[in-house]
Amino acid sequence: MGRVYNFSAGPAVLPEVVLKEAQEEMFDYRGTGMSVMEMSHRSSAFQQIIDEAEADLRDLMNIPDNYKVLFLQGGASLHFASIPMNLMKNGVADYIITGQWAKKAYEEAKKYGKVNAIASSADETFTYIPDCSDLPISEDADYVYICQNNTIYGTVYHELPNTKGKVLVADVSSCFLSEPIDVEKYGVIWGGVQKNIGPAGVQIVIIREDLLREDLPEFVPTMMNFKVQADKGSLYNTPPCYGIYICGKVFKWIKNMGGLEAMKAHNEKKAAILYDFLDQSKLFKGTVRKEDRSLMNVPFVTGDKDLDAKFVAEAKAAGFENLKGHRTVGGMRASIYNAMPIEGVEKLVEFMKKFEEENM
């Protein structure tokens with residue numbers, strides 16, 4: 001069987017050129033006589049891999065010198081805890097709840113301080129982004145937290161919240177490197193890489209240096225101390241070496257594609273094909289308020305559970321994988337991350353048109 005069109009929300013599709021390069025280097029990485037999987041993280045060969053990955057990421061995102069880049073482990077869910085552990089000085093934080101991951105981060109942070117939900121779109125099953133222009137920001141808040149792109153619900157912040165001078169922290173797991181962002185508007189940008197950048201197991205944390213602290217509470221595990229990790233160049237312990245190596249290849253692929261401006265244009269073109277069809281379809285409809293639609297995750301429904309299930313089954317048989325929606329939304333979801341080729345979306349829409357004709 002050949003390659004399928006993989007619409008998984010994560011772990012997700014990777015660029016074929018990256019997979020082929022990794023395949024070629026699997027047995028013998030650049031004359032070292034071993035795979036990157038077998039290589040000491042203290043070796044000069046691996047040091048070069050991680051240094052180059054960081055340099056390329058800094059270049060792609062125009063990361064200023066006063067921000068540190070960390071390659072960490074633990075899954076994004078671990079950092080729902082490490083964010084409050086590292087950033088809570090006053091023990092207060094404000095969270096905007098736009099989906100399941102923001103809600104989980106909020107619940108986790110409550111273990112470490114006073115946490116306020118200052119806005120939410122739970123009232124309409126997270127199908128929109130609340131107005132964040134004039135929020136009741138707490139005077140003593142250490143930071144304001146958002147999940148920038150909501151993987152499950154298919155919404156994204158097209159405008160960042162007005163944090164009234166407070167530090168903005170953003171989980172960008174599912175929109176990482178999909179378009180340019182102004183790093184200086186954030187104190188911390190972080191996310192898991194398994195949606196847009198690499199295999200599961202790596203988290204990237206981009207943090208402004210003044211937020212790294214010597215005076216963390218005693219209970220904070222050393223592994224979760226961002227300053228320790230920054231001081232050791234992400235090599236405090238054995239990092240997820242192979243995952244970082246693949247991320248580095250993806251950074252180079254994005255650079256070869258023309259950088260983040262080109263990636264944004266590519267993603268907008270792709271998303272438009274699907275959204276334009278959904279907007280005129282008589283059978284399928286998108287679930288998100290138009291002005292808040294994500295370029296990465298597109299949930300849609302027929303309005304009939306049995307028909308949804310039939311669509312998912314027939315799509316799978318036709319080579320379109322992982323289109324079943326998240327259980328909290330139902331229906332379908334197409335995740336169309338950077339590495340999803342335009343023809344994948346075109347072919348999906350062709351299939352949807354055919355399905356519509358046969359089932360109306």
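Here are legends for close-up views of this predicted model.

**View 1. Helix α2 packs against helix α6.** Let's start with two helices, α2 (residues 44-61) and α6 (residues 241-257), whose axes lie 9 Å apart. The angle between them is about 40 degrees, and α2 and α6 are therefore oblique to each other. The crossing of α2 past α6 is left-handed. On the α2 side, the residues that meet α6 include Phe-46, Ile-49, Ile-50, Ala-53, Leu-57 and Leu-60. Their partners in α6 include Ile-244, Tyr-245, Gly-248, Phe-251 and Ile-254. Sorted by class, this contact of α2 with α6 has 11 nonpolar, 1 polar and 5 charged residues.

**View 2. The largest nonpolar core has 88 residues.** Look here for Leu-177, Ile-204, Ile-206, Phe-251, Phe-284 and Phe-311, the members that touch the most others in this core. Helix α6 gives the core its largest share, 10 residues. Another core, of 29 residues, lies apart from it, and Leu-87, Met-88, Ala-105 and Val-205 are among its members.

**View 3. Ile-206 and the residues it touches.** Setting aside residues up to four places away in sequence, Ile-206 touches Met-61, Ile-63, Tyr-67, Lys-68, Val-69, Phe-176, Val-183, Gly-187, Val-188 and Ile-189.

**View 4. Val-144 is buried in the model.** Val-144 belongs to strand β5 (residues 144-147), and its relative accessible area is 0%. Beyond its neighbours within four places in sequence, Val-144 has contacts that include Asp-94, Ile-96, Ile-118, Ile-137, Thr-163 and Lys-166. Val-167, Leu-168 and Val-169 are also in contact with Val-144. For a sense of scale, Ser-35 is 109 residues from Val-144 in sequence and 42 Å away in space, C-alpha to C-alpha.

Methods. Residues numbered from 1 in each chain as written. Predicted model: local features only at pLDDT ≥ 70, side-chain atom pairs only at ≥ 80, totals over all residues. Heavy atoms only, no water. Axes fitted to C-alpha atoms, helices over the stretch in contact; angles between N-to-C directions. Helix = DSSP H or I, 4+ residues; strand = E, 2+ residues; numbered from the N terminus. Parallel < 35°, antiparallel > 145°, perpendicular 65-115°, else oblique. Left-handed = near helix turned anticlockwise from the far one by under 90°. Contact = heavy atoms within 4.5 Å. Nonpolar A, V, L, I, M, F, W, Y, C, P; charged D, E, K, R; others polar. Core = buried A, V, L, I, M, F, W, Y, C linked by side-chain atoms within 4.5 Å. Buried < 20%, exposed > 50% of the residue type's maximum accessible area, 1.4 Å probe, protein only.
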